[in-house]
Amino acid sequence: MSPPLLGVECGTRDVAKVTGSSSLKESPDGLSLGLKERNYLGLSDCSTVDSSMVSGQSDPEAQVNKLNTKATELRLGLPGSQSPERGLDEKLLFPLLPSKDGIKSVVSGNKRGFSDAIDNFSDEKWMFHRPDEGKQSLGQGKFPTSAVINVMIASRPSGPQQPVKEVPPKPLLERSNGINLSGGENNAPAAKAQVIGWPPVRSFRKNTLAAASKDNDEVDGKPGPGPLFVKVSMDGAPYLRKVDLRNYCKYYELSVALEKMFSGFTLGQYGANGTGGREMMSESKVKDALRGSDYVLTYEDKDGDWMLVGDVPWEMFIDTCKKLKIMKSSDAIGLAPRAMEKSKARN
Amino acid sequence: MDPKRAKQSPDSAEAIRLSPFPDEALDRILALLDSHKDRSSASLVSKAWYHAERWSRSCVFIGNCYSVSPEILVHRFPNIRRVILKGKPRFSDFNLVPQNWGADIHSWLLVFADHYPFLEELRLKRMTVSDQSLEFLALKFHNFKSLSLLSCDGFSTDGLAAIATHCRNLTELDIQENGIDDISGKWLNCFPDNFTSLEVLNFASLTSEVNFDSLERLVARCNSLKILKVNQSITLDQLQRLLVRAPRLMELGSGSFLQDLTPQQYTDLETAFRGCRNLQTLSGLSEASSLYLPALYPACANLTFLNLSYAALQSEELAKLLAHCPLLRRLWVLDTVEDKGLEAVGQNCSLLEELRVFPEHPFDQEIDHGVTESGFLAVSYGCRKLSYVLYFCGQMTNAAVATIVQNCPDFTHFRLCIMNPGQPDYLTNEPMDEAFGAVVKNCPKLQRLAVSGLLTDLTFEYIGTYAKNLETLSVAFAGSSDWGMQCVLEGCPKLRKLEIRDCPFGNKALLSGLEKYESMRSLWMSACKVTMNGCKLLAREMPRLNVEVMEDEESNEGQAYKVYVYRSVAGPRRDAPPFVLTL
């Protein structure tokens, strides 16, 4: 798919988005430009694509809109995550980059990632691809840098398409394991989502060393109870994951971990049926996916109700959570008002 | 016929009929062949040689227990005494294979009982072994001598008790890192009082306490004991008593190295170690501290293998210890030794051939702990003979790896695990393609490669182009498209085992290896883009392959979440559990 088409796509998508999501959002300034992608997981945020790529849009306005909408955007922010732009205790886009870059570049970055992803589908790349500027044939030359899992998180400077081999801001990937993010809330680095079987250490060794260092283990301070695995599914993703809720002490850590786990899936849904990217690249399919690319994190509690994650204190949450699901926002419409009410009430 | 001519045209019919080579001579000569590869080659020469080889073979190695059936095995090889069997796919070590998948030894034992009554040795890896099987083994095979279980599951210490009780001629009991139900240490008491044949005893991975008196008496009466690896329940002063009884030990695995010793006890311990002049391998040392490590020093002069992978040593402790190990060839450590410890390795171990660095905390990525590229670099400067490395680290750069393989071009096994999936070169933020490119370009002898970090198809292009001796490749969270996997399948003529997880390889890649898989032992693909249709096509085209898909609740419609493909002369499995679909 050529960039011009992409631009068109995006534009259309945006309109579609606005339509689709207006019910979810109440923006005080009546955002008519509709450049309000809600980026629940920081996965796909189209408005920056527009600002960066589609010249048809008026950039300053886009920026302004972005800023304005932030205050009222429904995002997958969980209690405890910071919201530097609002000062309200509201849900916030995952700040997955060091605060140095700020929220904006995160947003840009994510969007950049996604737009390039779209761009690259014609090259039949898959979820873990990285933004590949231009139509480089596969396997030739170097790819621009970004971590696989962090592809959606990688900060991409907003602006025009990057030349090959750009180097994102260093702080991001310095010893990138410890993602010490804004607010410096954690002294310990965020516990990673445990992808099953990784790193490839034999269970015997894992268990032996874990037992040996139990006293020294400071991650959770929970030596006693065993792991609490819950399934995490995502609409459109080819398969589930499991996370151990005991690895986290707060929503923020969970959201970071899930983002890493599923960062590729928003794009991967194209190829989910395995017939390859090309067949799927009809316009309507792309639009469908894009329209639905906003996600919310929900969970099924003991009563079988689906709730938005983040409304209750963490301890209560892990007690009642049976399953997690990353839903398309369009599916989560029924849940949203409740959350909105709650957060409004909190204000 | 001139014997020379017979040799020159060995596969001609005339040579067979007119060969002056008496069968007895051929049998005697072939009996001397040990190597499996040599034997396989010999069996292909002619029918006579095929039969001579099969009658004279006493040891068989089966890398995939489902590639052949016990019936076929006993039919071809009537005189086997030693069997080595491997079962589950390697990723089962990391919980990627559900329980009850198979690879049960019992059906083999039933057939062996009828055809190999004189079976002496069984070495199993990743097989399911029940207590019932162990008891059957102990009772039915009166000549049974040697049992080694590594990474197996399904049994308990009761099974060991059966072995100890009934195997009168046992020389080896080697229990390593299994999923064992550790009920009690009483099995050790089951060795009869007149039992003296033990040469190898390894129960280091068991946790229950054993009766020390039993152990001491056992060690005292088994004069041929060469390898003794005890578990953590054995204390230092107890270790001293054992060493005094068995000064001729060649391999020692200590128990816990943490204890309050009196000065006399310490001196005794040191003296006991000094008496161990034959020690080549040392392991265990859990909870070792700088306080008592020096007691070991006198025993280290001839050490060739030091396994500290369960001893969380710090860099200084390691450095001091290594100063006493000039002949070291193999070293396993935890990343608690950090880069500084690895510098000491580089400085002290010029003969080192193998290094494995395991992560102490694989799941908490603490920025300031563990090892980095500098440690590896330091080792490569000092240990030019390095040929085997397994390295778990938090960060790596392309430049470092390039330098490392220039320093050490003899790598046969290069297993690098950058623990954060898909992480790029942390200095340049580029993919790690060039690192592995350098490895395959500079190391022509490379047999085994495990890749990690952010990788594009370029890595696999390099592998396909340069890694002509590659036999085993492990890939995770890497690649950009089908092309990557295709490069490997088309470019690596000696590839035998390919295991892939979480990569964007789909049906096109899978099917590009159609003709390749029969020359390989197995292919594993999980969480890739392969679908049921692709697998069905593969199964249809290649009837001599078993194409198994593991159903998983995590997979979507049509997706093949876990695929295991392997060649087999035994046809589809008859013991597949319900979640394994053979296509």
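View 1. At 2% relative accessibility, Phe477(B) is buried (buried: under 20% relative accessible area; exposed: over 50%; partly exposed: in between; 1.4 Å probe, protein chains only). The model shown is predicted; local features need a pLDDT of at least 70, side-chain atom pairs count only at pLDDT 80 or more, and totals for chains, interfaces and linings use all residues. Residues are numbered from 1 along each chain as its sequence is written, chains are lettered from A and ligands numbered from 1 in the order in which they are written, and side-chain values use heavy atoms, with hydrogens and water left out. Phe477(B) is not a glycine, yet its phi is positive, about 55°. Most residues other than glycine have a negative phi, and most peptide bonds are trans. The loop that holds Phe477(B) runs between strand S18 (472-476) and helix H19 (482-491) of chain B (helices, H or I, at least four residues, and strands, E, at least two, are DSSP runs numbered from the N terminus).

**View 2. Ser151(B) between strands S4 and S5 of chain B.** Ser151(B) sits in the loop that links S4 (146-150) and S5 (153-156). Its phi is positive at about 60°, although Ser151(B) is not a glycine. Ser151(B) is buried, with a relative accessible area of 14%.

**View 3. Helix H9 (residues 157-166) of chain B.** Seven of the 10 residues of H9(B) are buried, and the helix is mostly covered. Among the buried residues are Leu160(B), Ile163(B) and Ala164(B). The buried residues of H9(B) pack against helix H8 (131-140), S4, S5, strand S6 (172-176) and strand S7 (179-181) of chain B. At the start of H9(B), a side-chain oxygen of Ser156(B) lies within 3.0 Å of the backbone nitrogen of Asp158(B).

**View 4. Thr171(B) between H9 and S6 of chain B.** Thr171(B) belongs to the loop joining these two elements. Its relative accessibility is 16%, and Thr171(B) counts as buried. Leaving out residues up to four places away in sequence, Thr171(B) touches Lys145(B), Ser146(B), Ser197(B), Leu198(B), Glu199(B) and Val200(B) (contact: heavy atoms within 4.5 Å).

**View 5. The cis peptide bond of Trp198(A) and Pro199(A).** Omega of this bond is about -5°. Pro199(A) is in the loop between helix H5 (170-173) and helix H6 (203-212) of chain A.

**View 6. Confidence along chain B.** The average pLDDT of chain B is 92, and 96% of the residues score at least 70 (pLDDT: the predictor's confidence in each residue, from 0 to 100). Confidence in chain B is lowest in helix H1 (residues 3-8), with a mean of 49, and highest in strand S17 (residues 448-450), at 98. Where pLDDT is low, the predicted coordinates should not be read in detail.

Notes
A polar contact is a pair of N or O atoms within 3.5 Å; within protein, one must be able to donate a hydrogen and the other to accept it, and residues adjacent in sequence count only if both atoms are side-chain atoms.
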